Amino acid sequence: MRIPKLHRTIALLLDLSPWGLVPWFFFPWFVGSLTCAFAQDSFAPDSAAFFESKIRPILESHCLECHSGPSPKGDLSLADQAGWQSAGIIQPGDPNQSALIDAVTSDDPESHMPPAPKPALKPSEIQALRAWIAAGAFDPRTDPNGLDPNNPSPSIGPKKRNRIFEITDSDRAYWAFQPLAKPEIQPDDFHRSPSQKIDRLLPSNDLPVAPPGERLRRLYLDLWGLPPTFEQVQAFEKDPSADRWNSIVEELLSSHHYGERWGRYWLDWVRFAETNGYERDGLKPNAWRYRDYVIDALVQDKPYDQFIIEQLAGDQWAESQGYSPTNQPDAWREAIIATGFYRLHVWDDEPDDTLAAEFDDADDIMVTIGSAFLGLTIGCARCHDHKFDPVSQVDYYALLAFMRGIDPYGLSKTGGGGRGTGRIERILASPAQVEAWDSNRQNQIAELQKTLDQTLDTNSRSELETQIKSLRDSLPPFDKALAVWEIGSEPKPTHVLHRGDPNSPKQQVASRTPEVFSPFGEEPTSALEANTPDRLKLARWIAHPQNPLTARVLVNRIWQRHFGIGIVPTTDDFGNTGLPPTNPLLLDYLAGEFIESGWSIKHLHRIILSTQAFSKSSRPAIDPDAPSYYQPQLRRLDAESIRDSILSVNGTLNAMRSGPSIYPTLSQEVKDAANPVSVSMWLESPKQLQNCRSIYLIVKRSLKVPFLETLDFANSTSPTAIRNVTTTAPQALLLLNDPWLHEQADQLAQRLIREAGSEPNQQIERLWQLAYQRSASEQELHWANSYLQNNPQRLASLCRSVLNSNEFLYVD
């Protein structure tokens, strides 16, 4: 393994050894094979959308009037990255050490920025600055001196567009907006399987095939996020045939574990969370039903075009099909729950400007649609024409017009006191069913009241009054879902907003798709009936087979999850600030095959996992300095897979498959440091429920599960196509020191005693089988025995060390 060493972490671990965390005499083996526990360099996905939609407007509105140009005030220019870098006022990755944050939050009138009488930044703007700096302070502005955008120097990067927006021939010729290309048919292609065609489209190489056990472990962790058993590896090693491999793939794809693994990716892409964020971080009621919908849709292999339509317009689609709670109730229920997509955004319950907050919420949805479905940074056109892509500000608001019929998450309210909550839930029953229940309830109340009027006994009257009150307070006994509502038959008018300011509306626009997509943009929408609801039009346009982006984006993400690198490396940006595909023909072949299969995601898995490319070893790397998209990459497991694998090997992973989210136990240290409001809402679940798969743990924006957050859990505030993968000392210390991990190591030790008895060699062998799915070598047996020294109390420490090892935490 080519893994960077954590020198500081090793030193910390050595310092901790006297307290018995890892005995010093265990370090020759431990340091050699365990301490380098994190194998990838930090990777920050493209942040252009966040900068353009959130940060550039703040800088232009509040800062650049004074801090730009040839003689900026205080010799501080905020017009480009070089300016703030030279001044040292921003420390990327650390907002608490950044002078910019100190200035905008200062209570001292002399140092506060912007200076009075200019208005101070809103709390949401300060929060955006903090988030931007914490994520690395990505800043694409490299042309502060007004260089000709048509003649940039080679170092400037993507070319800026002209100030006057127009769709050029170059825009229409851009690769991502072209129809899918079909690869040239070779004479023997008729006899090739789709997997063989994929291999033919890849560069030839002499990489060795990975050993069967390594391949099987990679497959299980890719599809389930759980390792195979030792016995499963042994069986495959005896019969590693293609037929056996394909049957295992089918077995894994048919399991609920597959939906739990891949559903978590989708939740990252749509920034799923179950709370609103901000200080109070209130719960989004029944948000977990959307999570379960995503898992079930993947297990069922719901066609991806239908998956899109249900999330963007499930209520309108169901109505168009005549579905209701009494006609095709399961399909209707799924479609309603899917529209919870629109309610996942952060929500400020007490904004400075209610109207601006409403448009912030709408922008959040637009950014997510652009990222998750289209791979475009649409949000960059909110305040002005997109600086790099052929998306105008008019295009942005015309797209927004498709969704202006939605009842906002919070109702408009002027003055202080925040916003009330609008219609954000639906009862998953028909009005007739609800009316029947209510009629029966009223009849019961009437009967009890009649009895009460005729009763003189005090105790009997008290009991009757209690029953009546209970009935009056009762709620309909039907499931509810976080879902979308329409405000009525007519949507709100949509205007282009000057610099994105809702108080400065310009011309009104009608709903339409971006101009660069025409004539395609006109075909699927004009073909619909005139009375088709707007959101359903948008959904069908995105899910249309002729849309050049939708299928490409999804197949690229699936490829990236299997190989570690996408065919388009910037998985959430297919625009000019992203990178072009390294193999356009392969990308288009996969997209075409995906559509022709009926938009089957499982079909994509089958054909990719059966390639020769996927069977290759991750080492030696084709090019260590430029990882190849067609060689499986050595990767650290994500946070959920680490936690779930620990529970799996110690035998305590429970069988939870759906339902309200689980609140794990928080340490006292976490409670003391967290927002008291967040802690007060953390309703710790019963212990027996906590050993569920991590996808069922609560996702609270202001207080994430500490174990997952330390290991690079998604931020859940903005779409995350690829998570950052960091290498930090706290991660290593967590995996050694965390009380939860100690508990799991103890459980693993108990399992070893149950299954292997008290003989150390047998315990070590069983430990290796469970954790590594292989037998221990003679040298490993010797090292582990030297550590145990017939001391049963050290068995749990050995287990904890193994759970920290590269071999456990990484997938080849």
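The largest nonpolar core in this predicted model has 176 residues. Within that core, the residues with the most contacts are Y304, F373, W559, L590 and F707. Domain 2 (303-424 + 485-542) and domain 4 (739-811) both give residues to this core, so the core lies between them. A second core is separate and has 21 residues. Its members include I58, L64, I101 and A128.

What does F373 touch, leaving aside residues up to four places away in sequence? The list is W266, Y304, I308, L312, F341, T368, I542, T550 and V553.

One of those partners, I542, also belongs to helix α21, where it is among the buried residues. Helix α21 covers residues 534-542 and is mostly covered, with 7 of its 9 residues buried. The others that are buried along with I542 are R535, L536, K537, L538, A539 and W541. An arginine and a lysine, R535 and K537, are therefore on the buried side of the cut-off, because buried means under 20% relative accessible area.

Now take a glutamate. Is E640 buried or exposed? E640 has a relative accessible area of 5%, so it is buried. This residue is found in helix α26, which spans residues 639-649. E640 touches R264, S694, L708, F713 and R723, again not counting residues up to four places away in sequence.

The table sets them out.

| Site | Backbone feature | Value |
|---|---|---|
| M113 to P114 | cis peptide bond | omega near -5 degrees |
| R619 to P620 | cis peptide bond | omega near 0 degrees |
| D75 | positive phi | about 55 degrees |
| A137 | positive phi | near 60 degrees |

Where do these sites sit? P114 is in the loop between α5 (99-105) and α6 (123-134). P620 lies in the loop between α25 (612-615) and β5 (635-636). D75 is found in the loop between α3 (48-62) and α4 (81-87). A137 has its place in the loop between α6 and α7 (169-173).

D75 counts as exposed because its relative accessibility is 71%. A137 is buried, with a relative accessible area of 2%.

Key
Residues are numbered from 1 along each chain as its sequence is written. This is a predicted model: local features need pLDDT of at least 70, side-chain atom pairs count only at pLDDT 80 or more; totals for chains, interfaces and linings use all residues. Side-chain values use heavy atoms; hydrogens and water are left out. A nonpolar core is a set of buried Ala, Val, Leu, Ile, Met, Phe, Trp, Tyr and Cys residues joined through side-chain atoms within 4.5 Å. Buried means under 20% relative accessible area, exposed over 50%, partly exposed in between (1.4 Å probe, protein chains only). Domain bounds come from an automatic or database domain assignment. Contact means heavy atoms within 4.5 Å. Helices (H or I, at least four residues) and strands (E, at least two) are DSSP runs, numbered from the N terminus.
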